[in-house]
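Subject: A structure for you to look at

Hi,

Here is the structure I promised to pass on to you. Have a look at it first, and then read my notes below.

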Amino acid sequence: MMVTFSLPAAAVVVIKAQPRAATVTNVTKGRSAGDHFYTLSLVMTIICSVFGGFWGLMCTIPALFLAISAKTDAAQGRTSSAKTKGYIALGLNITAILSYLGILILVIAVGATSGVSSSGLYDYSYYDYYYYYYTSYYYYCNAYTGNR
């Protein structure tokens with residue numbers, strides 16, 4: 001007597017062990033773009049906008065664009081161009097700082113000298129002129145009427 005077993009086709013499992021292929025991964029680290037005075041340019045632009053140094057914006061806005069351009073150049077590998085643009089941005093920021101301080105000192109000096117000349121109350125020459133005019137008229141009228 002012969003016994004046959006029949007298995008359904010889904011029950012048959014074939015396992016093939018194959019070695020994995022070697023995977024080569026090239027990892028290239030991007031260049032560090034650096035700051036190139038971008039943060040300084042941004043902070044100076046905000047300070048000049050908020051505190052009324054609008055003349056400083058003529059320096060800080062171009063410095064901001066140059067710093068962004070320098071970061072782009074550094075990321076693309078053009079380091080000499082990035083350095084040049086970064087230093088130009090630094091020079092423009094220093095110019096903005098110096099002009100802001102210079103005009104601030106000028107405003108304080110003008111305010112201090114204008115307060116000294118008139119003492120903040122009234123103009124003495126105007127007061128003295130009318131005081132003299134009034135008193136001379138008073139004496140003139142009393143001299144002819146006999147009232148002293």
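The largest nonpolar core has five residues: Met44, Cys48, Leu57, Cys59 and Ala96. Two elements, α1 (38-50) and α2 (57-75), each give two or more residues to this core. Please keep in mind that this is a predicted model.

Is Cys48 buried or exposed? Cys48 is buried, as its relative accessible area is 0%. Leaving aside residues up to four places away in sequence, Cys48 touches Gly53, Phe54, Gly56, Leu57 and Thr60.

A disulfide is a covalent bond that links the sulfur atoms of two cysteines. How many disulfides does the count come to here? The count is zero. For Cys48, the nearest cysteine sulfur belongs to Cys59 and is 8.4 Å away.

Now for the surface. Leu42, Val43, Ile46, Ile47, Val50 and Phe51 make a nonpolar surface patch of about 540 Å². One of them, Val43, lies in helix α1. Val43 is partly exposed, and its relative accessible area is 41%. Helix α1 also gives residues to the core described above, so try finding both in the viewer.

Best wishes

Key: Residues are numbered from 1 along each chain as its sequence is written. This is a predicted model: local features need pLDDT of at least 70, side-chain atom pairs count only at pLDDT 80 or more; totals for chains, interfaces and linings use all residues. Side-chain values use heavy atoms; hydrogens and water are left out. A nonpolar core is a set of buried Ala, Val, Leu, Ile, Met, Phe, Trp, Tyr and Cys residues joined through side-chain atoms within 4.5 Å. Buried means under 20% relative accessible area, exposed over 50%, partly exposed in between (1.4 Å probe, protein chains only). Helices (H or I, at least four residues) and strands (E, at least two) are DSSP runs, numbered from the N terminus. Contact means heavy atoms within 4.5 Å. A disulfide is a pair of cysteine sulfur atoms within 2.5 Å. Patches are made of residues with over 30% relative accessible area and no salt bridge: like charges are joined within 9 Å, nonpolar side chains (Val, Leu, Ile, Met, Phe, Trp, Tyr) within 5 Å. Accessible areas come from the Shrake-Rupley method with a 1.4 Å probe; for residues, only the protein chains shown count as cover. A salt bridge is a side-chain nitrogen of Lys or Arg within 4 Å of a carboxyl oxygen of Asp or Glu.
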